[in-house]
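Dear colleague,

Please find the structure below, handed over for your review. My notes on what was found in it follow directly after.

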Amino acid sequence: MATCLESRTADHEMNFEKAEVHVATSLREGADLRLKVAANCGRQIVEAARLISDCLAAGGKLLLFGNGGSAADAQHLAAEFVGRFVVERPGLAAIALTTDSSILTAVANDYGFERVFARQIEALARPGDVAIGISTSGNSANVLAAMKQAANQNLKTIGLSGKDGGLLPRASNVCVIVPAANTARIQECHIAIGHIWCELVEFD
């Protein structure tokens with residue numbers, strides 16, 4: 001008869017095997033989705049990169065925003081442009097509108113959370129800048145409000161969305177829609193697309 005310890009060890013080994021299967025499945029899902037994005041979204045990715053490159057070449061700036069993981073993506077990409085991605089070159093103007101806790105909380109308190117990005121666009125944006133709104137659902141109210149504000153101020157607008165795109169494509173000059181329902185897989189593609197933008201801008 002197996003001891004309690006032996007039983008726990010067998011259960012652990014079984015769980016480890018299940019975990020390995022899960023790892024392989026998740027990585028395959030991510031790889032398959034990237035191939036789908038490559039097949040279906042290449043033109044939109046390049047069009048967005050051209051808007052970004054033209055903006056920066058003309059002395060404009062990028063304004064990036066999103067919620068949660070998309071806020072982290074906005075900050076990550078702003079850092080790649082201001083710092084460098086691969087090539088040593090002058091810093092490129094990019095601001096994540098997700099980082100100033102005083103502005104975010106003041107605007108949310110006085111005007112509502114829906115306005116936290118739109119108010120910053122109103123204050124910081126100039127014609128010729130590019131607004132990049134990131135929302136895995138495409139329906140984040142504060143992202144959509146900021147995109148509308150950006151259009152009203154003659155900015156070009158780029159959306160990064162997922163699922164069926166939501167409302168974000170209608171609010172964007174160019175929108176890249178990752179065709180998936182899994183939020184994590186969408187976010188993985190969003191940051192990959194952002195890295196491709198960095199590559200295209202640096203090697204333009």
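The buried residues of helix H5 are covered by a set of elements that includes E1, helix H4 (118-124), E3 and E4. Please bear in mind that this is a predicted model. The residues of H5 that count as buried are Asn142, Val143, Leu144, Ala145, Ala146, Met147, Gln149 and Ala150. The helix itself covers residues 141-152, twelve in number. From its first C-alpha to its last, H5 reaches 17 Å, close to the 16 Å expected at 1.5 Å a residue. Just after H5, Asn154 takes a positive phi of about 65°.

As to the protein as a whole, the secondary structure comes to six helices and five strands. Read from the N terminus, the order of these elements is α-β-α-β-α-α-β-α-β-β-α. The C-alpha atoms fill a box of roughly 75 × 40 × 35 Å along the principal axes. Of the 204 residues, 43% count as buried. Among contacts with a separation of 6 or more, 68% are between residues 24 or more positions apart.

Which residues is Phe81 in contact with, leaving aside its neighbours within four places in sequence? They are Ile52, Leu56, Leu62, Arg89, Gly91, Leu92, Ala94, Cys198 and Val201.

Finally, the surface. The accessible surface of the protein comes to about 10700 Å², and 56% of this belongs to carbon and sulfur atoms. Val46, Ile196 and Leu200 make a nonpolar surface patch of about 230 Å². Of these, Ile196 lies in helix H6. Ile196 counts as partly exposed because its relative accessibility is 35%, and partly exposed is the class between buried, under 20%, and exposed, over 50%.

With kind regards

Definitions and conventions
Residues are numbered from 1 along each chain as its sequence is written. This is a predicted model: local features need pLDDT of at least 70, side-chain atom pairs count only at pLDDT 80 or more; totals for chains, interfaces and linings use all residues. Side-chain values use heavy atoms; hydrogens and water are left out. Contact means heavy atoms within 4.5 Å. Helices (H or I, at least four residues) and strands (E, at least two) are DSSP runs, numbered from the N terminus. The expected span of a helix is 1.5 Å times one less than its number of residues. Buried means under 20% relative accessible area, exposed over 50%, partly exposed in between (1.4 Å probe, protein chains only). Patches are made of residues with over 30% relative accessible area and no salt bridge: like charges are joined within 9 Å, nonpolar side chains (Val, Leu, Ile, Met, Phe, Trp, Tyr) within 5 Å. Accessible areas come from the Shrake-Rupley method with a 1.4 Å probe; for residues, only the protein chains shown count as cover. A salt bridge is a side-chain nitrogen of Lys or Arg within 4 Å of a carboxyl oxygen of Asp or Glu.
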